[in-house]
Amino acid sequence: MININTFFLDELLGNNYPVNVKNWKLPDYERDIVTEIESFANKSNRFIISLEGLRKTGITTILKQLLGRLQKSGKNICYFSFDRKSVQNFRNLEVVLDFFINENNQSCICLDEVCSIKGWPDIIKKYYENSK
């Protein structure tokens, strides 16, 4: 477990935790994949899904719509975006995962733009395998 500096974590997360999906401005329509992933999430309590695609194609919107549905169904959720260059590094990914998995027992963690971090699949796999 990583020793988390509270100031650093506050700076990293800003006002984004806990997530309140009501503050997000989302379109009224949803793509079919939102329902498909929600159905899968309700059947399993441990899984990893990676949504990848070109920038500006709606992946973030899909993730936020999914989180909104999961939050309404009572799941503990978190969302963190690695879109700022200042947070795009291996260490910050570990801090975010450690905080959400070990400190707050989140049932759904969404890491937007995580592909900008070199080696991200290995880090996520490590945390997935070491968490219960």
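## A loop residue with positive phi

Glu-113 sits in the loop between β2 (108-112) and α5 (120-130); helices (H or I, at least four residues) and strands (E, at least two) are DSSP runs numbered from the N terminus. Its phi is near 60°, a positive value in a residue other than glycine. With a relative accessible area of 23%, Glu-113 is partly exposed, a class that lies between buried (under 20%) and exposed (over 50%), using a 1.4 Å probe and protein chains only.

This is a predicted model, where local features need pLDDT of at least 70 and side-chain atom pairs count only at pLDDT 80 or more, while totals for chains, interfaces and linings use all residues. Residues are numbered from 1 along each chain as its sequence is written, and side-chain values use heavy atoms, leaving out hydrogens and water.

## Lys-56, another one to look at

Lys-56 lies in the loop between α2 and α3. Here phi is near 65°, again positive in a residue other than glycine. Is Lys-56 buried or exposed? Lys-56 counts as exposed because its relative accessibility is 82%.

## Glu-94 and its partner

Now take a look at helix α4 (residues 90-103), which holds Glu-94. Glu-94 has a relative accessible area of 12%, so this residue is buried. The side chains of Glu-94 and Lys-126 are joined by a polar contact of 2.8 Å; such a contact is a pair of N or O atoms within 3.5 Å, and within protein one must be able to donate a hydrogen and the other to accept it, with residues adjacent in sequence counting only if both atoms are side-chain atoms.
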